[in-house]
Amino acid sequence: MLIKPNPSSGTPIYVQLMEQIKHAIETGALQPGEQLPGIRKLAEDLVINPNTAAKVYRELEHEGVIELRQGAGAFVAERKGAVARADILRARPLVRSLLARLLQLGLGEDEIRRLFEAELTSTREESRTNSTRR
Amino acid sequence: MAEPVIETRDLKKTYKDVAAVNGIDLSVERGSIHGFLGRNGSGKTTTIKMLLGLTHPTSGEARVFGLTPNDRDEGVEARRRIGFVGEEKGTYDFISVGRMIRFTSSFFPRWDREMEERLLAKFDLPLKQSVRTLSKGMRAKLALLLALPRRADLLILDEPTEGLDPEITEDVLQILVGLAASGETTIFFSSHRLNEVEQIADQVAIIDRGRIAVLGALDDLKDSYRRVTAVFDWEVPSQLSSLAGGMPVKSDGRVLSVLTNGGTDEIVNRAYSFNAVSVDVAPVTLKEIFIECKRTDAE
């Protein structure tokens, strides 16, 4: 189900995998209650460090995206923290109107994409720093 | 916390008056995969030889499982628990591949026959051929086949994938990952291939001219290193060329590029205070860190 991360990217492997799993949940490819592969299997299938695989699950549990059940493994959480399809549908018009305004301002597609990426990166970094401080 | 599997303190090795290893402090936790990087002649192999007790340190100390490798008795005890694949891949030349495997496995009561068979199938080694006539790539495969199924507590691998094609390399990495996942095997490996280190290592040490240049958890390095690129209307202000506290700065006409370890905000603010038109912050790869670290040191 998961695809091999790109180790040579500047984005750490655990972050790439967290995003993959969240995306799979958002699109419905992974359903609430569904079991995720064990740490060893995840590490072997994707050929990544087992500690990295464990970190993926730890961080996802911290964010409420999955549940770790003692001895049983990792499961997709029941909706808590995960974005449902309805939320995505609701977000669409917001994005559309913002996009229209940005285009009106004369920004090009690449510039808009870069701005979004930059904002996402900095928000992600802020939340990560906050969670490590906690 | 449990005792580290490998620990060195101010480890030095001097040949005549050349310092091959010049004060290395390392700590390798149990169950981790530790990537050991450095260009040729940086002191990697000398360090590894000291960990194996094949070379005596000039000063400082190395401990493996809390034992001193260059002590006669403790060294034997430590090596019994280590699987080693070295650059020379020296094996007995005169016997056949099959006999070499049987001979080696007979020394190890925990020998993993299943893994041996899995590797044999993948490696496609000619069992009847004599070791002497094997190609370089075949020798590399044989060396791995003789080391990995031992169920060693520690694998020390010096360029283990040298001479292997990408597909076989991936198989070998997968086996290493599986061994580490058992929690019982610790892996310390050197490699020139940064992408494979990035793929399976959780800890990284970059050594340059006998000293540690970069050390830490790979994720932490990727989190704390950033490349900041600032564009100015005119020439890059000269005051900015020394802004990064010793970090490498490249400036090319109107563009300033800085690799920073943890100083991103300060650099961004400085660049804006000198009226940068745009400032971009981007994550960096291990390759960039590797190349830049060597360069700073060389200047």
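The structure holds 2 cavities of 30 Å³ or more. A cavity is a set of points on a 1 Å grid over the protein atoms alone, where a 1.4 Å probe fits but cannot get out. Grid points are joined across faces, edges and corners, and a volume is the space filled by probe spheres set on the points.

This is a predicted model: local features need pLDDT of at least 70, side-chain atom pairs count only at pLDDT 80 or more, and totals for chains, interfaces and linings use all residues. Residues are numbered from 1 along each chain as its sequence is written, chains are lettered from A and ligands numbered from 1 in the order in which they are written, and side-chain values use heavy atoms, with hydrogens and water left out.

## Exercise 1

Describe the second largest cavity and its lining.

Step 1. Take the volume. The second largest cavity has about 60 Å³ of space.

Step 2. List the lining, meaning residues with an atom within 4 Å of a point. Chain A supplies A:P12, A:I13, A:N49 and A:T52. Chain B supplies B:E198, B:Q199, B:A201, B:L218, B:D219 and B:K222.

Step 3. Assign elements. Helices (H or I, at least four residues) and strands (E, at least two) are DSSP runs, numbered from the N terminus. In chain B, α7 (194–200) and α8 (218–224) each give at least two lining residues. The most come from α8(B), with 3 residues.

Step 4. The lining has 4 nonpolar, 3 polar and 3 charged residues. Here Ala, Val, Leu, Ile, Met, Phe, Trp, Tyr, Cys and Pro count as nonpolar, Asp, Glu, Lys and Arg as charged, and the others, Gly among them, as polar.

## Exercise 2

Work out which residues of helix α4 of chain B are buried, and how they are arranged.

Step 1. Apply the cut-offs. Buried means under 20% relative accessible area, exposed over 50%, partly exposed in between (1.4 Å probe, protein chains only). In α4(B), residues 113–123, the buried ones are B:M115, B:E116, B:L119, B:L120 and B:F123.

Step 2. Look down the axis. The buried residues fall within an arc of 140°, so they line one face of α4(B). The arc is that of the directions from the helix axis to the C-beta atoms.

Step 3. Check the face turned away from the buried side. Exposed B:E114 and B:A121 sit there.

Step 4. Find the partners, with contact meaning heavy atoms within 4.5 Å. The buried residues pack against α3 (97–105), α5 (136–147) and α6 (166–181) of chain B.

Step 5. Inspect the ends. B:D112 caps the N-terminal end, with a side-chain oxygen 3.1 Å from the backbone nitrogen of B:E114. After the helix comes B:D124, whose phi is positive, near 60°.

## Exercise 3

Compare the surroundings of B:T186 and B:V64.

Step 1. B:T186 lies in strand β7 (residues 186–190) of chain B. B:V64 lies in strand β4 (residues 59–64) of chain B.

Step 2. Check burial. B:T186 is buried at 0% relative accessibility. B:V64 is buried, also with a relative accessible area of 0%.

Step 3. List neighbours, not counting residues up to four places away in sequence. B:T186 touches residues including B:V5, B:G31, B:D153 and B:L154. B:V64 touches B:V5, B:L51, B:P69, B:A78, B:I82 and B:L154.

Step 4. The side chain of B:T186 reaches the backbone nitrogen of B:G31 at 3.0 Å.

Conventions
1 Å grid on protein atoms, 1.4 Å probe; cavity = no way out; pocket = protein on both sides within 12 Å on 5 of 7 lines; lining within 4 Å. Polar contact = N/O pair within 3.5 Å; in protein donor to acceptor, adjacent residues only side chain to side chain.
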